[in-house]
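Dear colleague,

Please find below the structure that I am handing over to you, with its sequence. My notes on what was found in it follow directly after.

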Amino acid sequence: GFRMGIVGLPNVGKSTLFNALTRTAAAQAANFPFCTIEPNVGEVAVPDPRLDRLAGIAGSKQIIPTRITFVDIAGLVKGASKGEGLGNQFLANIREVDAIAHVLRCFEDGDVTHVEGRVDPIADAEVIETELMIADMESIERRLTGLTRKLKGGDKEAVAQERLLKLALAALEDGKPARSVEITDEDRKAWNMLQLLTSKPVLYVCNVAEDEAATGNDWSARVAEMAASQGAGHVVISARIEEEISQLDADEAQMFLSEMGLDEAGLDRLIRAGYDLLGLQTYFTVGPKEARAWTIRKGTLAPQAAGEIHGDFEKGFIRAETIAYDDYIAGNGEVGAREAGKLRVEGKTYEVKDGDVLHFLFNA
Ligand code: GDP
């Protein structure tokens, strides 16, 4: 599955957010209780109102949302790249995630110590980014040294790796994260395999005070600007509010939200923003037994999409019957959509679209 790491300086609200995320009533109502893998790893349901509508139309007995994994990565402080705080262990945790949710303290509270002694989310973001950049530079230097022997032997993979590592190093030495390097489609796979910390997509999460959750504040506005200039994602959230909501049932939560002037839980926005950031999309399988959402990367072809369900579906793939979400709704289900000529038969080269309702035919 896809994993998002939550990072940030101490006392910015990471744990509060993580606990809210993984305890939320919505996740449990969806019959997908928070499942503890490790104390700091939690799987959450990706909220998607389309799935509920599909299930309603098809009369599905069970609704199974798709999931995303969050990892609470504590221990990042100034000097982490030098092994301070939890240091290296924490860096190893970041290597394993697909994207980073970077929590920034955008609230004032005299009772909650700020490690740097002042509230300044832009400076905080730089502290963390600098640590990650230093760690990347050191790991690149080590890896370049490690490649020497293979390069002498003319190893093609090593040559490609060296070229990419040097591209990244040049950016880092110029004070820019590895994600600022433009990578061709051909190089993408090898580049991702380098697992550089600063090559991961970033979502800035502005943790604001309760009464600013709906509006944001000056700090979160500045973070929004910074995010835009970096091509990063950005959400405004109040971890305290999310913590409270996570203890309510769905109706109570809705009432609480409207009292706060919010139309949906910040966590839902956060999860979806993470999903977008990862370049993910959803397709559905719908029947009387269950309605289920599946996660694939944008651009995935039908056989690989089928492979998400079961390897045999991919191996024996024959064709896919496809109804776009809007057509399924307009036809009030499969029968209506079929009568309206909206059921398409697609082959191996079909690129699955977000919201497709799919039925696979395959050789067993
Ligand atoms: P972490 O070290 O980043 O994991 O931070 P925690 O989640 O443990 O939060 C540190 C402290 O800040 C706790 O006492 C939280 O209750 C408090 N806190 C978190 N979010 C908010 C917030 O939005 N407003 C206020 N006033 N306090 C918060």
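The axes of helix α6 (residues 156-173) and helix α7 (residues 185-193) come within 10 Å of each other and cross at roughly 85 degrees. This makes α6 roughly perpendicular to α7, a label for angles of 65 to 115 degrees. Axes here are lines fitted to C-alpha atoms, for helices over the stretch in contact, and angles run from 0 to 180 degrees between N-to-C directions. Helices are DSSP runs of H or I with at least four residues, strands are runs of E with at least two, and the numbering starts at the N terminus.

Where the two helices meet, Ala160, Gln161 and Leu164 of α6 face Asp187, Ala190 and Trp191 of α7; contact requires C-beta atoms, placed from the backbone, within 7 Å. By class, this contact has four nonpolar, one polar and one charged residues. Ala, Val, Leu, Ile, Met, Phe, Trp, Tyr, Cys and Pro count as nonpolar, Asp, Glu, Lys and Arg as charged, and the others, Gly among them, as polar.

Please note that this is a predicted model, in which local features need pLDDT of at least 70 and side-chain atom pairs count only at pLDDT 80 or more, while totals for chains, interfaces and linings use all residues. Residues are numbered from 1 along each chain as its sequence is written.

I turn next to the strands. Eight of the eight residues of strand β6 (residues 99-106) are buried, so β6 is largely enclosed by the rest of the structure. A residue is buried if 20 or more other C-beta atoms, placed from the backbone, lie within 10 Å of its own, exposed if 12 or fewer, and partly exposed in between. Strand β1 (residues 3-7) pairs with β6 in the parallel sense over four bridges, with methionine 4 opposite alanine 99. Strand β7 (residues 202-208) also runs parallel to β6, joined to it by seven bridges; there, arginine 105 has asparagine 207 as its bridge partner. Pairing requires at least two DSSP bridges between the strands.

As for the ligand, 16 residues surround it, and the closest are Gly13, Lys14, Ser15, Thr16 and Asp109; a residue is included if its C-beta atom, placed from the backbone, lies within 6 Å. The elements giving two or more residues to this shell are α1 (14-23) and α9 (239-245). The largest share, three residues, comes from α1.

Finally, glutamine 195, in the loop between α7 and β7, has a positive phi of about 50 degrees although it is not a glycine.

Yours sincerely

Technical notes
Angles under 35 degrees count as roughly parallel, over 145 as roughly antiparallel, 65 to 115 as roughly perpendicular and the rest as oblique.
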